Amino acid sequence: MLPAVVLLSGCGLDITTAESTSAAQSQGSNEPTVEIAGAAMKGVIQQGLVTANRLISDKDGHYAPQRQAAKPVLTADDGSYEWQLRGKADGWALVELQADAGTRMICDVVPHCEQSGAEAVAFGQPMGLDSNFSLRGAGDLRMETVNLTPLTHLAVTLAERSTSGLSPEALSDAYETVEDWFGLAAGALRLTPPDLTRLDESDDVSADALQVAIANAAFLALVNENAQWDTISDVLNNMTAQVSETGQISLTGDGGNVALADLVSAAAVQASELQTSVDSSIINQRLLLVEYRTVQRLKTVADVYDDSSSDATADTGAETSEPPTTEIAPEETIPADAALLSWTAPLTRENGDSLSMGEIAGYEVVYGTSAETLDQSLAIGDASVDELLVDELTAGTWYFAIRTLDTDGNPSRLSEVVYKQI
């Protein structure tokens with residue numbers, strides 16, 4: 001295989017299960033159905049009431065949910081749900097979750113989740129939700145997966161402001177906008193966020209999915225940090241009202257509203273705190289990367305506020321065949337004792353045969369204080385990962401290279417060596 005290219009840069013509802021609902025919806029009818037599945041994740045939301053409806057346009061091209069008298073299904077203990085919707089797998093659907101007295105959410109904030117007038121709930125333990133809590137998400141029925149999170153809830157609210165209502169175009173644009181607000185990768189809101197309380201059980205979660213989960217956790221973390229908010233519903237309802245009225249979120253707050261800067265800051269803290277709660281070195285590396293990304297997004301939010309200009313992103317360097325110098329990434333963009341590596345996965349093997357992402361098992365980063373003695377290594381068991389923050393480096397010059405590993409265990413040659421002065 002060719003080596004990867006390395007870059008260096010500095011209430012009273014009739015409830016039933018999903019299975020019985022599916023049978024009831026299709027019983028006595030030969031009409032086709034499409035299954036919608038997904039998860040309700042803030043922390044994991046258990047026994048939440050989920051309904052789904054197609055989004056249909058009227059003669060004026062305005063899209064709205066086609067409400068039907070169907071019983072809601074309950075989310076499972078892992079937050080998942082399944083829903084059978086009548087008709088073919090075309091168009092889009094709106095999926096909604098409502099809490100009731102039986103709904104529980106797993107506390108995903110380290111070290112605990114505070115509750116107004118009650119004892120704090122420890123990280124990983126269930127807590128009740130008030131009846132005002134709701135989440136919405138939307139998706140293309142051809143994809144068959146719709147997740148429900150605070151971020152998708154904001155995206156649906158933003159799309160509703162469109163003259164065409166909840167049209168596919170308005171929803172797609174709104175999802176992209178919310179991703180940009182929180183510094184997430186394109187398409188990240190379509191990923192199923194992992195359960196932050198059980199990260200040691202899965203090494204295959206991507207940094208992008210982790211970042212989404214941590215951004216969602218920040219909504220509840222604000223309840224811990226600000227006496228103004230008694231419940232997560234207070235935080236979410238405030239933000240929903242802001243988006244509905246203005247199409248934006250207050251950048252730094254005005255004393256009465258949740259600020260984007262507060263949420264991003266809380267997310268950065270959670271990424272840091274979570275590193276002490278997991279044993280997996282792979283997950284810890286990805287949490288470190290999420291922390292770095294989130295801190296950079298916080299700096300960008302501050303720059304936008306200070307300059308009254310459009311968002312700017314951190315410079316990550318440009319592809320080059322020569323070892324980059326430290327000027328590519330100003331020292332203040334990353335910790336002083338760290339180096340941020342990024343790479344591009346190979347598209348072909350050394351013999352010229354094509355190499356798909358599905359054939360790549362991961363990468364091995366090797367590094368050391370001499371270009372000839374790269375005696376330390378870090379394994380990355382995820383082909384989609386393309387960045388790694390190596391920290392706790394001592395003073396001096398450090399050299400780095402990377403090799404690709406395919407699913408048969410074949411390693412590539414090492415890439416060219418790059419270096420950084422600490």
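In this predicted model, helices H2 and H3 cross in a right-handed manner. Helix H3 spans residues 168–181, and its axis lies 8 Å from that of H2, at an angle of about 130 degrees. The two helices, H2 and H3, are therefore oblique to each other. On the H2 side, the contact draws on Leu151, Thr152, Leu154, Ala155, Val156, Leu158 and Ala159. Facing them in H3 are Ala170, Leu171, Ala174, Tyr175, Thr177, Val178 and Trp181. Sorted by class, the contact of H2 with H3 holds 12 nonpolar and two polar residues, with no charged ones.

Helix H2 (residues 150–159) also meets helix H4 (residues 207–225): their axes come within 8 Å and cross at roughly 80 degrees. H2 and H4 are therefore roughly perpendicular to each other. Here H2 contributes Pro150, Leu151 and Leu154, while H4 supplies Val212, Ala215, Asn216 and Phe219. Six of the residues in the contact of H2 with H4 are nonpolar, one is polar and none is charged.

Turning to the strands, an open sheet is built from four of them in the order E16-E15-E18-E19, with antiparallel pairing. Strands E16 (376–380) and E19 (418–421) form the edges, each pairing on one side only. From one strand to the next, the twist averages 25 degrees. Strand E18 (residues 397–406) runs antiparallel to E19, and four bridges join the two. Across this pair, Phe400 stands opposite Val418 in E19.

Conventions:
Residues are numbered from 1 along each chain as its sequence is written. This is a predicted model: local features need pLDDT of at least 70, side-chain atom pairs count only at pLDDT 80 or more; totals for chains, interfaces and linings use all residues. Side-chain values use heavy atoms; hydrogens and water are left out. Axes are lines fitted to C-alpha atoms, for helices over the stretch in contact, and angles run from 0 to 180 degrees between N-to-C directions. Angles under 35 degrees count as roughly parallel, over 145 as roughly antiparallel, 65 to 115 as roughly perpendicular and the rest as oblique. Contact means heavy atoms within 4.5 Å. Ala, Val, Leu, Ile, Met, Phe, Trp, Tyr, Cys and Pro count as nonpolar, Asp, Glu, Lys and Arg as charged, and the others, Gly among them, as polar. Two strands pair if DSSP finds at least two bridges between them. A crossing is left-handed if the near helix is turned anticlockwise from the far one by less than a right angle, and right-handed if clockwise.
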